[in-house]
Amino acid sequence: VLMVRNRPQNAYKNILVGTDFSHGSTQAFQLSLELAPRGVFHLVHSYIYVGGHMGRYMEDVLEDLAKDKLEKFVFKSRGLLKKHKISQKNFHYTTMKGEPHACLQNAASKEKTDLIAIGTHSNLSLMPFKVGGTAKDILSDPPCDVLIAKGL
């Protein structure tokens, strides 16, 4: 689903892709590459640390795990980037600590994003068009156009 805020004036230039490494977020990444072949892509993975008795040590471990997962995802995606002729100067990736919705909103503002691409999980539901929490939050107050891909 592509939700457009305003009538398009130009091709998408700055694309923010939120990933949780699910099939849905991988689909969103692939679709965004097709939709904006000349764009600059910012891949973001958020992680949450809620504190605890281990304090800073656990926060560092979670941050390292998030970075490691993102590095592996980027490594696995190198063929996709090559296929779409996305140069290294047009592809950036980072991890952010916090709730996914807040991280995406902050990154979208910082990067002056004109498209956010995210995936949803494929949970069976009585409501056929149900979207998850992050997708619902982004769609409730979108800072720009939003592409949502459904996972299998």
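A: In this predicted model, Arg 78 lies over the face of Phe 75, and its distance from the ring centre is 3.8 Å.

Turning to ring–ring geometry, a pair of aromatic rings is described by the distance of the centres and the angle of the planes. The structure contains 4 aromatic pairs. In one of them, Phe 29 and Phe 73, the ring centres are 6.2 Å apart and the planes stand at 45 degrees, so this pair is classed as tilted. Phe 29 belongs to helix 1 (residues 23–35) and Phe 73 to helix 2 (residues 56–76), so the pair ties together parts that are 44 residues apart in sequence. Phe 29 and Phe 73 are both buried. They also belong to one aromatic cluster, which is formed by Phe 21, Phe 29, Phe 73, Phe 91 and Tyr 93.

Phe 41 illustrates the packing: leaving aside neighbours within four places in sequence, its contacts are Ile 15, Val 17, Ser 32, Leu 33, Ala 36, Ile 86, Asn 90, Phe 91 and His 92.

His 42 is found in strand 3. His 42 has a relative accessible area of 9%, below the 20% limit, and is therefore buried. Beyond its neighbours within four places in sequence, His 42 is in contact with Asn 14, Ile 15, Leu 16, Val 17, His 92 and Glu 111.

Helix 4 (residues 100–111) has 12 residues, which at 1.5 Å a residue should span 16 Å; its end C-alpha atoms are 16 Å apart, so the span agrees. Its buried residues are Cys 103, Leu 104, Gln 105, Ala 107 and Ala 108. What covers these buried residues includes strand 2 (14–18), strand 3 (40–47), strand 4 (91–97), strand 5 (115–120) and helix 5 (133–140). Just after helix 4, Lys 112 adopts a positive phi of about 55 degrees.

Note on methods: Residues are numbered from 1 along each chain as its sequence is written. This is a predicted model: local features need pLDDT of at least 70, side-chain atom pairs count only at pLDDT 80 or more; totals for chains, interfaces and linings use all residues. Side-chain values use heavy atoms; hydrogens and water are left out. Rings of Phe, Tyr and Trp (its six-membered ring) pair if their centres lie within 6.5 Å; planes under 30 degrees apart count as stacked, over 60 as edge-to-face and the rest as tilted. Helices (H or I, at least four residues) and strands (E, at least two) are DSSP runs, numbered from the N terminus. Buried means under 20% relative accessible area, exposed over 50%, partly exposed in between (1.4 Å probe, protein chains only). A charge sits over a ring if NZ of Lys or CZ of Arg is within 6 Å of the ring centre and within 35 degrees of the ring normal. The expected span of a helix is 1.5 Å times one less than its number of residues. Contact means heavy atoms within 4.5 Å.
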